[in-house]
Amino acid sequence: MLLPLRLISLIMNSYNPTNQHRFQLTQAWAVVGLFIGATLAVSVPVGILELIAKALSIKSSELDAWFMVLATIISYAFLFFIINQIFGRATIAKPLFADRHIDWTVYILILLATSSLAIILEPLSTLLLKFWPMPEWFENYFGQVFTVSISTFILAVIVAPLCEEVLLRGVILRGLLTSMSPKKAIIWSAFFFALIHFNPWQALPAFVIGLFLGWMYWKTKSIWPCIFIHFVNNLFAFIGITIADSKGLDSNTTLQDLTGGYFTSFFVVATVLLIVSFGLLQKRYKLKKGNIP
C-alpha cells in the first residue's frame, strides 16, 4: 500500500521541493478527493457491520448513530494517515494547532459572533427550503441521523469540529495561504467546507460560516478558535433540535418556528452583536499592510 502512496507523493510534491507544508489549489482538490475516497472506503465495512447487527435482530436508531460515529472517526484517522504519507509529515503535525496563547476575551467575542451569525443565517436556510424543498428520502435520512442522543452530540459537537477544522483550516487553508492571497485562500477553503457536507440546502450557510472560520484562522494562525467556532455553531443547532424534540416537533423545525413573533427581535439583537463582536475582533487582530501571518 505504501508504494502507490509514495508514487503519488512524488507527483503531488512536485510543487514542494522543501519539506514544508505548501499547497497549490490542485493539491487542495486532491485532499478533498482523498476525503471522499476515505469516507467511501470506511463506509463499506461499517455498512457490513450494520447489516450483521440487523441480521442478529439488533436494530435501533441509536445503534445506527453509533456506527456513524465509528465510521467518521475511522475515516478521518485513515484520511490523515494517507495525507501525511502523500504530502509529508509536516502536513499534519503539532505546529498546525499553534502554541500561541489566545486570550479568553477573544473566545467571548467568538461566542457572541458565532451565535449571532447562526441566528442571522436562519432565514436564509428557511428561504432555501421554501423555494427548493428537500426530497422526502433526504428529509427522512436527515431526521434519522440527527436525533437527540449522546452519539449525535459526540459526532456533531465534538468529533466534527475537531476533525473538520484540522482538515479544512489546518491542512487546506494553511497550505493555500502559502501559494495565493489570503482572500482567495479563505474563499476556497469556505467552498471546500460547504462541499464536504454533501448537503445542497446547507451549502450556502456553511460557506458563510466557512468564511468566518477562514478569516479567524488567518488572523490568529491557530485552529483552536476555529474549533471553538465550529463547536458553538453545532452546539447551537443541537440545542435547537433538542428543544424541537421536547415539543414534539420534527428535525426541520426552525428557530423562527420556536420563537414565533419574537424572532424579529432576536434577529435585530443578533445583527448588532455580530457587528460589534466582529468589529472588536477585527480591531484586535488588525494587521499592518503586508504583514500576513
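Student: At what angle do helix α7 and helix α8 pack?
Tutor: This is a predicted model. In it, α7 covers residues 182–195 and α8 covers residues 200–220. Their axes lie 8 Å apart, and the packing angle is about 140 degrees.

Student: Which word describes α7 relative to α8 at that angle?
Tutor: An angle counts as roughly antiparallel if it is over 145 degrees, and as roughly perpendicular from 65 to 115. The angle here is about 140 degrees. That makes α7, relative to α8, oblique.

Student: Is the crossing of α7 and α8 left-handed or right-handed?
Tutor: The two helices touch through residues including Ile 186 and Phe 191 of α7, and Phe 207 and Trp 215 of α8. The crossing of α7 and α8 is right-handed.

Student: How many residues of the contact of α7 with α8 are charged?
Tutor: Gly 210 and Gly 214 of α8 take part in the contact, and Gly counts as polar. The division is 15 nonpolar, two polar and, for charged residues, none.

Student: Is Asn 233 buried or exposed?
Tutor: Asn 233 belongs to helix α9, residues 224–246. Leaving aside neighbours within four places in sequence, Asn 233 is in contact with Thr 114, Ala 118 and Ile 209. The cut-off for buried is under 20% relative accessible area. Asn 233 has 19% relative accessibility, so it counts as buried.

Student: Where does helix α6 bend?
Tutor: Helix α6 runs over residues 150–176. Of its 27 residues, 22 are buried, so α6 is largely enclosed by the rest of the structure. A proline, Pro 161, follows the bend within four residues. The bend is about 45 degrees, at Val 159.

Technical notes
Residues are numbered from 1 along each chain as its sequence is written. This is a predicted model: local features need pLDDT of at least 70, side-chain atom pairs count only at pLDDT 80 or more; totals for chains, interfaces and linings use all residues. Side-chain values use heavy atoms; hydrogens and water are left out. The bend at a residue is the angle between axes fitted to the seven residues ending there and the seven starting there. Buried means under 20% relative accessible area, exposed over 50%, partly exposed in between (1.4 Å probe, protein chains only). Contact means heavy atoms within 4.5 Å. Axes are lines fitted to C-alpha atoms, for helices over the stretch in contact, and angles run from 0 to 180 degrees between N-to-C directions. Angles under 35 degrees count as roughly parallel, over 145 as roughly antiparallel, 65 to 115 as roughly perpendicular and the rest as oblique. A crossing is left-handed if the near helix is turned anticlockwise from the far one by less than a right angle, and right-handed if clockwise.
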